[in-house]
Amino acid sequence: MKLTRRLLAAAAIVVALASAPSQVAAQAFTLPRGVAAVTVAWQYIDNTGHRLSNGDLMKLGQSVSTGVLFEVDYGVTDRLSGTVGIPYVFAKYTDGVPPPFIPYLPVDTCHCWHSTFQDISLTARYRLGDDPWAVTPLVRYVQPSHDYNYRGEAVVGRDLRELQVGVHTGLRLAGLLPRASLQAAYTYSFVQKILNVPNDRSNVLLSIGYAATSRLYVHADANWQKTHGGLRFGSPTGDPFFPPGEVNTPDLLREHDRMLQDNYWHAGGGLSYSFGSFDVFASVSKYLSGTETHNGQAYTAGLTWYFNLSR
């Protein structure tokens, strides 16, 4: 069903935005040949603290960020699609003076907004299968748009190159619950090394959705991330060690903002609604647990317009 494919795609955009604003081209169902989709999405992230190496929440280093994603997806064939996207991000530090062992940088001391373009992402996806199921391998290259600042809390990103490979699957439960669908995705990211420290990661997406009407699709989602390498800062309890833990040289302290072992579980949900030539979507994601990661929540809303360029 064409509508089901579109609703699944819109839901996947919502899910991926809540996990990582620059990674939205992960849906299992590709666009038909000659059809283009232009997405503009807004996201607001409220970082309410940090999860330490032992998983405890430290309500320090709070910040907010918001941004707009611009993305174009194009169906090269009925199975092969190409996507390009870039977000423009704003970030602001909202907390007080951090503990003495954490640098208090000018980007944060001003308590003002900083903004710039973040990373350009280029994605190729090839779909195997047809409705009611699809298995879609993908390759994505992420390149910082320029050499932006990555040190501090009020920054827009990590300024690192990445090569990502993965697969996204989608299944409509036609014989059991015709209006329900399942999605799952796995992505492995080969991340640029800094100071020869590995910092690759695995990401898993799980989503269950339901077409409440012929136009409205609702879904619940879970996102998991595991960093393969990275640095651990420790915790005041001494589990697994006291701060600054593995951030124990001036060079590592300088680079630690983009090198921490960021592991987490996020959960949330959202909806999308089709108006024919365009869809609107919205979602919320809550940060549940993790280590060396932020705590908080993310809110996303956007629109996707469809154009048949082969006419």
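Start by selecting Pro240, in the loop between β11 (216–229) and α3 (250–255). This is a predicted model, and here it places a cis peptide bond from Asp239 to Pro240, with omega near 0°. Keep that loop on screen and pick Pro244, which also sits between β11 and α3. The bond leading from Pro243 to Pro244 is cis too, with omega near 5°.

Next stop: the loop between β9 (180–191) and β10 (199–211), where you'll find Leu195. Check its backbone: phi of Leu195 is near 55°, a positive value in a non-glycine residue. Leu195 counts as partly exposed, at 45% relative accessibility. Now click on Asn196, in the loop between β9 and β10 as well. Phi of Asn196 is positive again, near 60°, and Asn196 is exposed, with a relative accessible area of 64%.

Now for some charges. The salt bridge count comes to seven. Select Asp130 and Arg79: their side chains meet in a salt bridge, 3.0 Å from N to O. Asp130 belongs to the loop between β6 (119–126) and β7 (133–144), and Arg79 to the loop between β3 (63–75) and β4 (80–93), so this pair ties together parts 51 residues apart in sequence. Both ends are partly exposed: Asp130 has a relative accessible area of 35%, Arg79 one of 26%.

Is Arg127 buried or exposed? Arg127 is buried, at a relative accessible area of 3%.

Move on to Glu162 and Arg201, whose side chains form a salt bridge at 2.9 Å, N to O. Glu162 is in strand β8 (residues 162–172) and Arg201 in strand β10, so to speak a link across distant parts of the chain, 39 residues apart. Glu162 is buried at 8%, and Arg201 counts as buried at 7%.

The largest nonpolar core has 10 residues: Leu160, Val191, Ile194, Val197, Leu231, Phe233, Val247, Leu252, Met259 and Leu260. Zoom in on Leu160; beyond four places in sequence, its contacts include Val142, Pro144, Val191, Ile194 and Arg258. Apart from that core lies another one of five residues, among them Ala91, Tyr93, Leu105 and Ala154.

Finally, colour by pLDDT. The chain's mean is 90, and 91% of its residues reach 70 or more. Then select residues 14–26, where pLDDT stays under 50. The model has 49 contacts beyond four places in sequence for that stretch.

Definitions and conventions:
Residues are numbered from 1 along each chain as its sequence is written. This is a predicted model: local features need pLDDT of at least 70, side-chain atom pairs count only at pLDDT 80 or more; totals for chains, interfaces and linings use all residues. Side-chain values use heavy atoms; hydrogens and water are left out. A nonpolar core is a set of buried Ala, Val, Leu, Ile, Met, Phe, Trp, Tyr and Cys residues joined through side-chain atoms within 4.5 Å. Buried means under 20% relative accessible area, exposed over 50%, partly exposed in between (1.4 Å probe, protein chains only). Contact means heavy atoms within 4.5 Å. pLDDT is the predictor's confidence in each residue, from 0 to 100. Helices (H or I, at least four residues) and strands (E, at least two) are DSSP runs, numbered from the N terminus. A salt bridge is a side-chain nitrogen of Lys or Arg within 4 Å of a carboxyl oxygen of Asp or Glu.
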